[in-house]
Amino acid sequence: MTRPTRADLNTLRHHNRQVIVDIMRRYGSLSRAELARLTRLSKVTVSEVVDDLVAEGYLRAVGLGTAEMGRKPMLMAFKESAGFVLGIEVAPRIVRLIVTDLMGDVVATFEESGVAAAGDDLIRALCALISKARTHLPQSRYGLMAVGIAISGWVDFAQGVVVAAPNMTWAPLALQERLASCVHVPIIVDNEANAALAYEHGHGILRDVDHAVYLSVGYGLGSGMLMNGAVYRGHKGMAGEMGHMVLDPAGPLCTCGNHGCWEMYSSEKALQRMMSGCTPALTVNEGDLTHWAIQQARQGAPCARQALRAVGRSLGQGIINIANLLNPQTLVVGNGMVEAWEFLEPEMMAVLSQAGLSATTQDLIVTPSPHYQDAAVRGAAALACDAVIARI
Ligand SMILES: [Zn+2]
């Protein structure tokens with residue numbers, strides 16, 4: 001038998017720390033004996049790791065537990081305020097930022113509209129926003145530990161590069177590298193639908209689900225896929241661009257350059273096009289479109305009702321294709337158009353029941369995201385948090 005190398009021992013030590021941190025974050029407070037039982041690690045190993053994590057400020061004693069007889073055990077808990085992370089969502093027209101602790105609890109939120117949409121100006125604007133958020137971090141041992149960024153665009157996840165953001169007319173941008181000039185902590189960049197999916201899986205309605213799709217129906221149409229309990233990103237991190245599946249090559253021109261993409265029928269952009277001839281005429285900015293359409297539809301305006309219902313039907317048709325391709329257990333609809341759920345859902349479900357294959361759609365749960373407006377920014381923070389935890 002060969003002796004374990006120093007690298008082997010370091011790997012084992014890191015693994016044991018990760019197991020203990022994971023259990024502590026899930027269970028709240030535990031004694032060392034309970035930790036040993038749950039992790040199946042020896043009491044000696046648990047005690048060593050716990051002592052290290054206490055010294056490093058990641059665990060803290062929270063009081064005495066109960067005991068049938070003898071000494072009451074000291075209960076330990078994960079110290080969620082050991083440091084903080086930022087989650088940032090860069091969407092068309094708006095940048096959202098949240099500060100969370102290491103358990104994902106939000107401690108501050110910021111929003112900036114009219115942020116420069118590309119290049120050097122965007123980098124400067126993001127650096128200024130991050131710097132402002134830093135002044136709102138609560139006092140802690142480690143301060144800012146990571147930044148997660150969710151983008152409505154095509155992201156090379158491994159490289160942290162935004163390859164393109166058609167709805168924001170971006171040229172390729174090495175966001176991770178460029179932001180490193182003002183942020184000296186790990187930076188994670190992901191597509192906004194993937195980030196929202198990560199949030200729902202880690203903290204939201206997909207916690208106990210292994211096969212799901214998150215459809216982000218906003219100005220564009222993005223998606224994230226959960227397969228076997230993990231976000232599926234594909235070869236270069238760009239999987240899930242379902243909004244650009246071509247449904248009709250003779251259809252309207254999409255920002256990606258093709259014609260008749262699904263996004264052109266199932267998004268705020270589609271709503272805008274369908275309502276361009278409506279009376280009363282469209283008088284609002286893009287960002288307020290869904291809200292305005294809902295108001296009109298609730299007042300009985302036929303044009304707004306027809307447009308919203310058409311979006312609902314198109315969503316239903318696309319969901320059938322997704323169900324046939326991936327057979328998810330749950331499909332979550334998120335982002336701004338969820339506000340119009342009362343008009344979208346009946347049409348969507350009617351199409352599903354009329355045209356869906358029973359094998360793939362019969363048991364499919366289609367549900368709106370309870371955090372439809374901020375799942376992406378929460379997801380960005382969750383990705384940052386995951387990066388911090390993985391390094392403990
Ligand atoms: Zn397209």
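## Cavity and pockets

A search of the whole structure finds one cavity of 30 Å³ or more. This is a predicted model, in which local features need pLDDT of at least 70 and side-chain atom pairs count only at pLDDT 80 or more, while totals for chains, interfaces and linings use all residues. Residues are numbered from 1 along each chain as its sequence is written, and side-chain values use heavy atoms, with hydrogens and water left out.

On a 1 Å grid over the protein atoms alone, a cavity is a set of points where a 1.4 Å probe fits but cannot get out, a pocket is an open set with protein on both sides within 12 Å along at least five of seven lines, and lining residues have an atom within 4 Å of a point. Grid points are joined across faces, edges and corners, and a volume is the space filled by probe spheres set on the points.

| Space | Volume |
|---|---|
| Largest cavity | about 40 Å³ |
| Largest pocket | about 720 Å³ |
| Second largest pocket | about 590 Å³ |

The lining of the largest cavity includes Glu 89, Tyr 214, Asn 335 and Asp 374. At least two lining residues come from each of helix H6 (192–202), strand S11 (212–217) and helix H12 (375–391), where helices (H or I, at least four residues) and strands (E, at least two) are DSSP runs numbered from the N terminus. Domain 2 (82–198 + 375–391) and domain 3 (207–368) each contribute at least three residues to this lining; the domain bounds come from an automatic or database domain assignment.

The largest pocket is lined by 22 residues, and those nearest its centre are Asp 22, Arg 25, Gly 202, His 203 and Asp 386. Two or more lining residues come from each of helix H1 (6–27), H6, strand S13 (230–232) and H12, and H12 gives the largest share, six residues.

For the second largest pocket, 34 residues form the lining, with Pro 92, Arg 93, Gly 218, Tyr 219 and Asn 335 closest to the centre. Helix H8 (289–298) supplies the largest share of this lining, three residues. Why does this pocket lie between domain 2 and domain 3? It is placed there because both domain 2 (82–198 + 375–391) and domain 3 (207–368) give residues to its lining.
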